[in-house]
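Please consult the sequence and structure shown below while reading.

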Amino acid sequence: MCENAPEVNRETTYAKVLLPLKISDRLSYRIPGEMASTVSIGSWVKVNIKAKEYMGVVEEISVQAPSSLPKERIKPLSPIPGIAPVSRNELELWSRLADYYMCTAGEVFKAAYNALLKKPDGNPRTGKDAAVPQEEISPLSSAQAKALDSIKDAFSRGKRVLLNGVTGSGKTEIYLHLAKEIIERGGQILYLVPEIAISRQLQQRISKIFGPLLLTYHSGQTIAGRRKAIKVIRDGKPCIVLGTRSAVLLPFNGLRLIVVDEEHDQSYKQADPAPRYNGRDAALILSEIHGSDILLGSATPSFESLYNVQTGKLVEVKLSERYHAAADPTVRIIDTNREYRLHNMRGSFSASLLKEMNSILQEGGQILVFRSRRAYSPIVQCTECGDIPKCPNCNISLSYHKAGNSLSCHYCGYTRLFTTRCQKCGEPALEGKGAGTEKIEEELKELFPDRTVVRFDAETASSKVREEKMIRDFAAHRIDILVGTQMITKGFDFEKLSLVVLLNADTLFAVQDFRSDERAAQLITQLLGRAGRRSDAGRLIIQTAQPEHPVLVSRGDTARYMAERRTFLYPPFVRLITITVKDSNEGRLWNACRMVKDAISECGITSVNGPVSPAVDYAGGQHIREFWIKLARNRDAAAIKKNLSRKIELIDLQLKGATVILPDVDPL
Ligand code: ADP
Ligand code: ZN
């Protein structure tokens, strides 16, 4: 590391400094002579730009002054002692992510060192997490042991692995066995999960086995807590880091294994701000940099990973046996159109579904009710003029929330008091349409007055304490029926949960997006996996007006969906990049769109669609247009992206940031 560091002498040296900003150029600074020995690549330094002070990291040192400026105008930097330098691996990861995701290394740096660049916000929680290991790791079943052998065999050949294991097959146990071996050899493990909220059970399980070697890392943590984890990781101590996508940016030092659990999950993708990275794909890059093994796991692998299996980039290991298997869970579909005709519907529930729920509850079972829309009524409409009130800032209809008697926008958070008077025709005729989780909760409380019904969605899960309590209560069977959105579909493992209900599956089929069928199919498989994790055969009941929908008929027919993607040239067969252009002023928006369109064609990109209006084409007071670019999956893609990024940066400069232009690589 030191051999190319310049000699310490009286000669002035210069540093190129990476700053946590959206600029791709590195700024150069002079290293004051007496400081030369303390500054090396990766050192933290302070610099001034326009009288504002920034913390940055040294990327290059040279005795040559940059040619762009006269020597005497190059400003000095000042070292920040006491902060451990950034490693070469980190610098490499940042620059590779920046290239791949069409952002700047500075933006990745900023995401990585959020915890350091901000002011501390309290002390790390102490006490609880310093647990002593209390449990032995469980012995594997023979199917699990066989899968573990196949994984290790692939690793020994330098391969990356996709563990395609049905829900309840015990993928977690396999991860833990691998982790244990690494820990015993003093290595570090990164264990990625889509969301930390749904991983409390897992957290407890790991901490019982690994005690204080477990470190959690996620954005909901205190800055002080994150700093503490960072220190242990940078010092190269053996540990198992359980974290969400941002944990890929940690300063690992001795990383031997990465596990990406539920690798198909959309939560791995960061929507905003840049870097708009996918934690799974960033983990693949991280594993290359560290030469560590990587294992992706899922019961419903992403098409991207299945494609990588086809092309040999991943080795697939299958685990098709459930650990507690007595009988496979069953699916029953209830046709709501038919039930309405026969007058068999009680609110949102059909009579036969209610009968089933009753008997489950009587047998001492628990029920999960899934509905993809929160609020009381997802939309409201005037029964006189038909008007549907929309958010003033977004092209989105407002939802009615009974608890606060309010109408609110789930996009930007706009809220106003609800009155029945229609703002368009003036008649007192506004009425809620459809049933969201809040209404379903109310219906269930009326239908099952002696039972405990609890709702779990973005509103009720707002506090971590409540969330933890909800999970504890459900596990201890203090809750009979749990109603919720997406949050209840992931990772729950409850012994007495024997029925899962999917209400109004039609909402899932309605989304117009090339991935919507894939997502609906994944969701149904995951819901099925929540039911009957233990000995009893669990069941999933789906209510829908479209019982013949292809997703229901051929859910597992991945080959068919893949063939469609291939025919119509969608990912994973091509690389998709969207460029979103946003401006509050429509004239400026069109001007920017024209410039972006020219830039795209100057890059030699032939497959482009746009500017098009996305489903939500007005949000937060800004008009939105999109360009959809398809690139062949070959070596040219990197050069094209680089070229396009540069052109967009120039447009940004020219427009002085008035219009927002956001590239998104592999959008979800
Ligand atoms: P998956 O992640 O594949 O859906 P889990 O890892 O959650 O499955 O395992 C399902 C259930 O089976 C859990 O309750 C888990 O504790 C149990 N289980 C799996 N493997 C073993 C094992 N080898 N020994 C004991 N229990 C196991
Ligand atoms: Zn809004």
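Tryptophan 94 is buried, with a relative accessible area of 1%, where buried means under 20% relative accessible area, exposed over 50% and partly exposed in between, for a 1.4 Å probe and protein chains only. Phenylalanine 109 is likewise buried, at 0%.

This is a predicted model, in which local features need pLDDT of at least 70 and side-chain atom pairs count only at pLDDT 80 or more, while totals for chains, interfaces and linings use all residues. Residues are numbered from 1 along each chain as its sequence is written, and side-chain values use heavy atoms, with hydrogens and water left out.

A search of the whole structure finds twelve aromatic pairs, a pair being rings of Phe, Tyr and Trp (its six-membered ring) whose centres lie within 6.5 Å, counted as stacked when the planes are under 30 degrees apart, edge-to-face over 60 and tilted for the rest. Two of them are tabulated here.

| Pair | Type | Centre to centre | Between planes |
|---|---|---|---|
| Trp44 and Phe109 | tilted | 5.5 Å | 50° |
| Trp94 and Phe109 | stacked | 5.0 Å | 25° |

Tryptophan 44 lies in strand S3 and phenylalanine 109 in helix H2, so their pair ties together parts that are 65 residues apart in sequence; helices (H or I, at least four residues) and strands (E, at least two) are DSSP runs, numbered from the N terminus. Ring pairs link Trp44, Trp94, Phe109 and Tyr113 into a cluster.

Helix H8 is mostly covered, with eleven of its twelve residues buried, and glycine 291, whose phi is positive, near 65°, follows it.

Conventions. Chains lettered and ligands numbered in written order.
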